[in-house]
Amino acid sequence: MRILRVSFLLCAALAAGAQGWAQAPAGTVAPLSKKERIELCEKKIDVPFGPAEPQPLKVEGNVTRPVLLHKVDPGGYASRPRGEAVIEAVIDEDGCVRQPKVAKGQGTDLAAAAMNAVRRWVFEPATQDGRPVRVFYVVTFNAH
């Protein structure tokens, strides 16, 4: 009986120690892998921001640019489009494209294809003072 009690206590101590070891220090978040980030962003497509959420920042001063991790090329348009389409969006703290809208080229095949592609792009988020922040993002598609 004594051996069982010691084994149980040893296992409990090891489990508690492993739990503490596996946890990140207080106030930190383990970075997402590229695959995890893509999966997260797929769930956020077309999810609007809440009214109380912070406004996006402009990439200037101590705000870094988001870095494109996963790009989906526009395609699927019936004709060979010509012209320009400009898509404005917000890149959130997770690197997901949110609230994209056509700023130029409304109603064209190119704009529709560009919107479908940009909605699925995934970024390493912009940062300010080392913390992820949401930022405004503009991308221009030219077809000639």
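The structure is a predicted model, in which local features need pLDDT of at least 70, side-chain atom pairs count only at pLDDT 80 or more, and totals for chains, interfaces and linings use all residues. Residues are numbered from 1 along each chain as its sequence is written, and side-chain values use heavy atoms, with hydrogens and water left out.

The protein has three helices and seven strands. Here helices (H or I, at least four residues) and strands (E, at least two) are DSSP runs, numbered from the N terminus. Along the sequence these elements follow the pattern α-α-β-β-β-α-β-β-β-β. Of the 144 residues, 28% are buried, where buried means under 20% relative accessible area, exposed means over 50%, and partly exposed is in between, with a 1.4 Å probe and protein chains only.

Three strands form an open sheet in the order β3-β2-β7, with antiparallel pairing; two strands pair if DSSP finds at least two bridges between them. β3 and β7 are the edge strands, each pairing on one side only. On average, neighbouring strands of this sheet are turned by 25° against each other, direction ignored. Five bridges join the antiparallel strands β2 and β3, and E88 stands opposite K101 in β3.

Helix α3 lies across β2, β3 and β7 and runs at about 30° to β2. For such angles, axes are lines fitted to C-alpha atoms, for helices over the stretch in contact, and angles run from 0 to 180 degrees between N-to-C directions. This helix, residues 109-118, is mostly covered, with seven of its 10 residues buried. The buried residues are L110, A111, A113, A114, M115, A117 and V118, and they pack against β2 (83-91), β3 (97-104) and β7 (135-143). An α-helix has 3.6 residues a turn, so residues three or four places apart point the same way.

Attention now turns to R37, which sits in helix α2 (residues 34-44). Is R37 buried or exposed? R37 is buried because its relative accessible area is 5%. Apart from neighbours within four places in sequence, R37 touches L32, L69, D94, G95, V122, F123, E124 and P125.

Finally, two aspartates have a backbone feature worth a look. D46, in the loop between α2 and β1 (67-70), has a positive phi of about 65° although D46 is not a glycine. D46 is exposed, with a relative accessible area of 57%. D129 lies in the loop between β5 (126-128) and β6 (131-133), with a positive phi near 55°. At 64% relative accessibility, D129 counts as exposed.

How values were computed. Contact means heavy atoms within 4.5 Å.
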